[in-house]
Amino acid sequence: MKAVVIHKYGSSDQLVEEEVPKPIIADNQILVELHATSINPIDWKLREGYLQERLPFEFPIILDWDAAGFVAEVGHSVADFSVGDRVFARPGTTEKGMYAEYTAVDKNLVAKIPVNISFEEAAAAPLAGLTAWQCLVDFSEIKEGDKVLIHAGSGGVGSIAIQIAKSFSAYVASTASRKNKAFVRELGADQFINYQTEDFEEVLDGYDIVLDTMGGAIQEKCFNVLKEGGKLVSIAQPPDEKIAESKRIKAGFVWLEPDGKPLAKLGELMEKGEVKAHIGESFPLTEEGIREAHKLSETHHAKGKIVINIK
């Protein structure tokens, strides 16, 4: 099968197109004929070697962990899925990546794609959507009426997080650049903050939840907009425990744990139109296509999700 792989860490030039063996599934796995995947920052961070201690792989590596396609084969212990089902998944990081025509996925990580959702939309949802879900629902226990600040609302995680928060009837403020104001408002944000001209710390106060996607100095300021008993959840770096304790704030770092059950719940929200995976750019599954997609993601200015069309 065709795949785009890396043989060593480095720049996007390390991404090369090759023929590799089709995966052989275990009894508890599903073979997915991929139709689309999407780019996430973890892809190029791993490619550069930033995550090699946390995610040690043996070369060659097929990157990416968003899958959408048809079930091509099921293992002997798989009962809930059949050949021909349309499915999506965020496979485990120990499994082969998605820059390929087929992938093997553990059955507990897979969910069925709603009939009104395309492969491209489905591929844009798993990693970003599950990250947002685990931050807001599992960690922060979001509820109706909560005041929620979501940083980088026009990005992959932020854009889905805004919609999830609104599905819980929360009040949402979000930061983004001026050019993305209309997009963030369209997602449902009640208050838009242009980070280029406004300091969110000066205009917000008494928030229940902050989703930090940036880290550094921005994360430090996040503590100051939360009320006592509020929750700071980050996907950028672990928050300072001493500051959190002194302010009586629940703070934590979320490293995504893939799971098909919350993905199915996310699919239900997508089916009802409460959550939409916004696709900013699309590229083909070619050496040049993947390289260009990585370069765009590395700018940190991609709007919505970057999708890779495989078939």
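Colleague: Over how many bridges do strand 8 and strand 11 pair?

Modeller: This is a predicted model, where local features need pLDDT of at least 70, side-chain atom pairs count only at pLDDT 80 or more, and totals for chains, interfaces and linings use all residues. Residues are numbered from 1 along each chain as its sequence is written, and side-chain values use heavy atoms, with hydrogens and water left out. Helices (H or I, at least four residues) and strands (E, at least two) are DSSP runs numbered from the N terminus, and two strands pair if DSSP finds at least two bridges between them. Strand 8 and strand 11 (residues 207–212) pair in the parallel sense, and the number of bridges is 3.

Colleague: Which residue of strand 9 stands opposite V148?

Modeller: V148 has a bridge partner in strand 11, I209. Strand 8 (residues 147–150) also pairs with strand 9 (residues 171–176), in the parallel sense over 4 bridges. In strand 9, the residue opposite V148 is V172.

Colleague: Which strands stand at the edges of the open sheet?

Modeller: The sheet has 6 strands in the order 10-9-8-11-12-13, with parallel pairing. Each edge strand has a single partner strand, so one side of each is left without a neighbour in the sheet. The edges are strand 10 (191–194) and strand 13 (250–253).

Colleague: What is the average twist from one strand to the next?

Modeller: Angles run from 0 to 180 degrees between N-to-C directions, and axes are lines fitted to C-alpha atoms, for helices over the stretch in contact. From one strand to the next, the twist averages 15°.

Colleague: Which residue is the bridge partner of K231 in strand 13?

Modeller: Strand 12 (residues 226–234) and strand 13 pair in the parallel sense over 4 bridges. In strand 13, the partner of K231 is K250.

Colleague: Is helix 1 roughly parallel or roughly perpendicular to helix 10?

Modeller: The axes of helix 1 (residues 41–48) and helix 10 (residues 287–298) come within 9 Å and cross at roughly 100°. Angles under 35 degrees count as roughly parallel, over 145 as roughly antiparallel, 65 to 115 as roughly perpendicular and the rest as oblique. Helix 1 is therefore, relative to helix 10, roughly perpendicular.

Colleague: Which residues of helix 10 make the contact with helix 1?

Modeller: Contact means heavy atoms within 4.5 Å. Helix 1 contributes P41, D43, W44, R47 and E48. From helix 10 come H294, S297 and E298.

Colleague: Which elements do the buried residues of helix 1 pack against?

Modeller: Buried means under 20% relative accessible area, exposed over 50%, and partly exposed in between (1.4 Å probe, protein chains only). In helix 1 the buried residues are I42, D43, W44, L46 and R47. They pack against strand 3 (29–39), helix 3 (126–139) and helix 10.

Colleague: How many disulfides does the structure hold?

Modeller: A disulfide is a pair of cysteine sulfur atoms within 2.5 Å. The cysteine sulfur closest to that of C135 is in C222, 12 Å away and therefore too far for a bond. C135 is buried at 0% relative accessibility, and C222 is buried with a relative accessible area of 0%. The number of disulfides is 0.
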